[in-house]
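Hello,

Here is the structure I said I would pass on. Please open it and keep it beside this message while you read; my notes follow below.

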Amino acid sequence: MMILRNILNEIVPQPIRDYITPKVVALFSSYFQSSFTFVIEQKWDFCDNQTFRAAEVYLTTRLAGLSSRELLVGSSDLKNPTAEPNLGIPPNTKIVDEFEGIHLEWTLHSVETKTYPYEKRYFNLTCKKEFRDKKMKDYFTYLAKSAEKIMRHREDLYIYTYNREGSSWQAAIFEHHTSFETLAIEPQLKTTMIDDLDAFSKGKDFFKSVGRAWKRGYLLYGPPGTGKSSMVAAIANHMNYNIYDLQIQSVSDDGELRKILTATKNRSILLIEDIDCGADASRRRQTKNEEDVELQKQKKKPDLGISLSGLLNFVDGLWSSCGEERIIIFTTNHKEKLDPALLRPGRMDVHILMDYCTPFVLKKLVAMYLKIDDHVLFDPIEKLVIEVNVTPAEIAQQLMASKNADIALKGLLEFLENKKMKKEEDTKVEEEGEIEDGETKE
Ligand SMILES: Nc1ncnc2c1ncn2[C@@H]1O[C@H](COP(=O)(O)OP(=O)(O)OP(=O)(O)O)[C@@H](O)[C@H]1O
């Protein structure tokens with residue numbers, strides 16, 4: 001063998017040897033080796049690889065008996081510092097699993113990259129070569145089903161906020177206890193929302209049969225303090241979905257938007273609050289050019305943010321091709337400021353007006369905060385609620401002033417009377433202004 005090697009070294013040039021040697025080694029090692037390795041990367045076709053995701057979720061249940069000398073532990077529960085930490089999957093550590101008598105070994109690897117997302121993570125799953133095809137097919141199905149089950153029953157919900165500097169989503173435990181039971185809304189709206197969400201969550205086959213992506217878009221609009229954020233929390237709690245809270249102002253261009261959105265996971269809500277405020281995308285197009293010129297003049301904002309087409313492409317196209325069972329929610333205080341293209345049928349499936357307080361909402365809030373369903377001050381308060389525009393947030397604030405119903409309701413009555421007086425004064429000033437304008441014109 002040695003003589004043969006020396007002769008080969010003499011007669012075969014180095015570049016050819018470099019080319020041939022690894023191939024020969026690979027050929028022989030695959031022939032003699034009894035194990036086979038599946039590589040499961042984090043991304044697949046530019047989207048989150050669901051097999052990777054399933055492994056991440058499932059393997060957390062296989063960590064307790066890990067015999068390694070190191071364990072990854074941590075907690076993101078800011079509200080409960082004494083909570084028991086969770087176990088994370090440590091990189092470069094073998095995690096053993098058994099499936100129908102087959103011995104399997106998982107290892108998570110992570111390598112730095114020069115481009116976004118600056119880290120490439122992948123799992124190596126090793127099994128005996130003989131199980132490669134038949135048995136492993138069953139194992140992957142088992143893996144996906146187990147992860148799905150864990151996700152559906154998980155207790156903690158997470159809210160992710162986008163960190164522009166790190167170009168990544170940062171997670172925190174979402175602890176907003178608003179549910180459809182505690183949200184003070186008209187009963188008809190409550191029923192409509194719950195039915196719509198339930199139909200959506202059971203609608204996989206329906207969406208498939210009509211050739212539509214399994215997604216649902218809600219536009220929540222109405223004055224500040226009418227419960228738009230609370231409605232989002234109620235939806236998240238009802239569906240048991242995580243929330244990705246995206247400040248559209250922090251996205252510099254369409255490319256960044258695409259990267260951010262493809263990094264979100266299934267069974268989640270993408271929340272874009274105050275869509276009318278920051279993005280070029282939402283403004284009506286007739287005013288966009290003027291505003292761009294103004295911004296460039298002021299040199300306050302060198303990039304002009306994402307475009308309307310970027311956002312619409314995402315709502316219509318990219319969203320459809322990446323991921324399943326997603327809800328997207330836009331909120332705005334000024335629906336009239338939104339570009340009509342965003343409001344066109346088919347874009348946002350459901351438009352929901354979160355309006356000022358009604359007598360029903362008032363009663364619900366009083367019942368929740370003061371635990372009473374009748375009081376002598378109810379009638380005058382109800383009358384005023386119909387006359388003046390008052391938000392549930394304002395009412396809630398008054399009701400929280402005291403646990404004593406007499407004191408809290410008296411405070412609320414005074415608050416509403418002041419509001420009514422202010423409204424009358426404003427109307428008077430406006431009317432006087434109009435009369436003066438008319439006289440000047442004459
Ligand atoms: N319909 C409601 N039912 C119960 N509580 C409400 C409701 N609306 C508002 N509140 C109370 O008012 C607070 C503020 O409401 P919320 O933030 O949901 O309003 P919003 O419409 O999202 O306001 P903004 O447009 O300023 O973000 C909530 O924390 C909640 O306590």
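By class, the shell around the ligand is made of eight nonpolar residues, six polar ones and one charged one. This is a predicted model, so please read the rest with that in mind. The shell has 15 residues, and those that come nearest to the ligand are Pro224, Gly227, Ser229, Pro392 and Ala393. Two elements give two or more residues each to this shell: helix H7 (228–239) and helix H14 (392–399).

The largest nonpolar core holds 60 residues, and the members that touch the most others are Val232, Ile269, Leu271 and Ile329. H7 supplies the largest share of this core, with six residues. Domain 2 (157–353) and domain 3 (359–434) each give the core at least three residues. A separate, second core has 17 residues, among them Tyr58, Phe123, Leu125 and Phe131.

Apart from neighbours within four places in sequence, Leu271 is in contact with Val232, Ile243, Tyr244, Asp245, Leu246 and Ile329.

Finally, the chain as a whole. Its secondary structure comes to 15 helices and 15 strands. Of its 442 residues, 24% are buried. Among contacts with a separation of 6 or more, 73% join residues 24 or more positions apart.

Regards

Methods:
Residues are numbered from 1 along each chain as its sequence is written. This is a predicted model: local features need pLDDT of at least 70, side-chain atom pairs count only at pLDDT 80 or more; totals for chains, interfaces and linings use all residues. A residue is near a molecule or strand if its C-beta atom, placed from the backbone, lies within 6 Å of it. Helices (H or I, at least four residues) and strands (E, at least two) are DSSP runs, numbered from the N terminus. Ala, Val, Leu, Ile, Met, Phe, Trp, Tyr, Cys and Pro count as nonpolar, Asp, Glu, Lys and Arg as charged, and the others, Gly among them, as polar. A nonpolar core is a set of buried Ala, Val, Leu, Ile, Met, Phe, Trp, Tyr and Cys residues joined through C-beta atoms within 7 Å. A residue is buried if 20 or more other C-beta atoms lie within 10 Å of its own, exposed if 12 or fewer, and partly exposed in between; C-beta atoms are placed from the backbone. Domain bounds come from an automatic or database domain assignment. Two residues are in contact if their C-beta atoms, placed from the backbone, lie within 7 Å.
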